[in-house]
Amino acid sequence: MKAETVKKYKPYPEVDLPGRTWPEKTIVKAPAWCSVDLRDGNQALVQPMNLEQKLELFRLLKDIGFKEIEVGFPSASQVEFDFARTLIEDDLIPDDVTIQVLTPAREHLIKKTFEAVKGAKNVVMHLYNSTSTLQRRAVFQMSREEITALGVEGATVIRDETAKYSETCFRYEYSPESFTGTELDFALHICEAVMEVWKPTPDNPVIINLPSTVEMATPNVYADQIEWFCNNLKNRNSALISLHAHNDRGCAVAATELALMAGGERVEGTLFGNGERTGNVDIVTLALNMFTQGIDPKLDLHDIQRLITVSEQVTDIPVHVRHPYAGELVYTAFSGSHQDAINKGMKLFEQDGKGQWEVPYLPIDPADVGRTYESIIRINSQSGKGGVAYIMDREFGLKMPKAMHPEFGAIIQAVTDKAGRELQAGEIWETFENKYLKRNTPYGLSSFNVVKRHIENDKQGSVAEIEAVVEVGGEKKSIAAPGNGPLDAFCAALKQDIIGNFSLSRYHEHALSKSSSSKAVTYIQVKMDNGVKKWGVGIDTDIIVASIKAVLSALNRAVS
């Protein structure tokens, strides 16, 4: 940055808070949650939601488990007003859900807001007016006293209007808008002045919402402000301290977490952080952060794909592929070392059966949010042998021996380097099939028969004699030889009549499924006289035939 531009800015002032206690605390329970997607998130959209989209989002928020939902700004537009009326008149609000409506501190707008919620069972009437130092000077040209009078007047109108709607249980909320841009002593003064009008009690507390309307400092400063406010507020036990963080510095989640340690008891935010400018605090991230620490977030996020789908449909804003917990790629590893660690960690978790989630690079079990394991490891040019083996195991049931991983990993890496992109699982299988299962030149199996097998005595063991027809360069050639088993006999015949000397250096086999009709897969590594080692693979319903196919696969790869 240019030196002269840096001089335009100054550091945020420190909060005088000796003996601060929040750094020694931890989050031990979920806060009260209030979704503001339908208001704060909606007013940030290029194309605000229509009535049908609002209803769809409301149903989602209700199903997730939000007990407080800010449904809009009824005095701002007819759509906002009509939405509130639809919810009430169509009886769409469960008895245990409280709707919240926002109103500025102006009498006619407050009265319009009350009209919008007539007949509702439970309502939070949310009053706000701007208190920040800058806005008092640049926007309103009003003194502290005038701003306070505006807030008190709004609180008085709300108190008086409440008496006209006896069928509704009202709770009051006040926000000194731009709390983080307001002198702390003035924010305290105006909140206490509003509380004096509303006369809250411990049994009927007022919600004091302290917004970081513009994130102006590091997260610890917001925590200091919240602790200072809680320490100095009169009648503290009659106030529920609510947090409403924006993300201008990219720290809204961290700021909210620290502010909860500092005394915050309630959080207003949006799914996936939608909101004006850089957005509101992301409730999905915040709640699942708690979940990974063993804290019940009191929100049901088990089907995160539904959240993504509805959110993208109603907002027309895609969830970023790197979004914590929800992004398309957050349960995916491309790096070879990461893939290997995840693969081993997953196997250990399954083997231990202790139920305690500990897998490298994955702070949460993808299954807990409705995601699948199949997408955890994906293959591109950065991928390693462990990741490729994981895909072959999870997608196709092929548990390749560890010694084979480097060979096939190198094959796949060459393919990705050439393609210059990620490979899909089907493409990996196709490569495996072409390199191992369909390698039938120069040697191909036409027929194979065990002529005789018997056991003469315990010391000698089994004896087999085979006859086979092998295609060599397009010509069929009959071979026969004895051995201590069919595979040994077949290899002896090959050495005697076709190839010359070679040895089997490794052998592995397993069933592809547990059914009675399952196929067997055999992995065999051959070593040629010249030192070349290659793996071959055979699959067949007969384990002997699978082994024969694997030998020919390896030999074809070794001589080509």
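**View 1. Eight strands close into a barrel with parallel pairing, in the order β1-β2-β3-β4-β5-β6-β7-β8.** From one strand to the next the twist averages 25 degrees. Strands here are DSSP runs of E of at least two residues and helices are runs of H or I of at least four residues, numbered from the N terminus, and two strands pair if DSSP finds at least two bridges between them. This is a predicted model, in which local features need pLDDT of at least 70 and side-chain atom pairs count only at pLDDT 80 or more, whereas totals for chains, interfaces and linings use all residues. Residues are numbered from 1 along each chain as its sequence is written, and side-chain values use heavy atoms, with hydrogens and water left out.

**View 2. Strands β5 and β6 run parallel and are joined by two bridges.** Strand β5 covers residues 169-177 and strand β6 residues 206-212, and Y174 stands opposite I208 in β6. In the loop between β5 and α8 (184-198) lies S178, which is not a glycine and yet has a positive phi of about 60 degrees.

**View 3. Helix α11 (residues 283-291) lies across β1 (32-35) and β8 (266-269).** The helix runs at about 160 degrees to β1, where axes are lines fitted to C-alpha atoms, for helices over the stretch in contact, and angles run from 0 to 180 degrees between N-to-C directions. Contact means heavy atoms within 4.5 Å.

**View 4. Helix α9 (residues 219-232) packs with helix α10 (residues 252-261) at an angle of about 30 degrees, their axes being 8 Å apart.** That angle makes α9 roughly parallel to α10, since angles under 35 degrees count as roughly parallel, over 145 as roughly antiparallel, 65 to 115 as roughly perpendicular and the rest as oblique. The crossing of α9 and α10 is right-handed, meaning that the near helix is turned clockwise from the far one by less than a right angle. P219, N220, Y222, A223 and I226 of α9 make the contact with A254, A255, L258 and A259 of α10. By class, this contact of α9 with α10 has eight nonpolar, one polar and no charged residues, where Ala, Val, Leu, Ile, Met, Phe, Trp, Tyr, Cys and Pro count as nonpolar, Asp, Glu, Lys and Arg as charged, and the others, Gly among them, as polar.

**View 5. K111 forms a salt bridge with E107.** The closest N and O atoms are 3.1 Å apart, a salt bridge being a side-chain nitrogen of Lys or Arg within 4 Å of a carboxyl oxygen of Asp or Glu. K111 and E107 are separated by about one helical turn because they are four residues apart in helix α5 (residues 107-116). The structure holds 31 salt bridges.

**View 6. Three strands form an open sheet with antiparallel pairing, in the order β12-β13-β14.** The edge strands, each pairing on one side only, are β12 (502-511) and β14 (533-540), and the twist averages 20 degrees from one strand to the next. Nine bridges join β12 to strand β13 (residues 520-528), and F502 stands opposite M528 in β13. Helix α17 lies across β12 and β13, running at about 145 degrees to β12.

**View 7. The axes of helix α17 (residues 486-497) and helix α18 (residues 543-559) come within 9 Å and cross at roughly 35 degrees.** The crossing of α17 and α18 is right-handed. The residues of their contact divide into 10 nonpolar, one polar and no charged.
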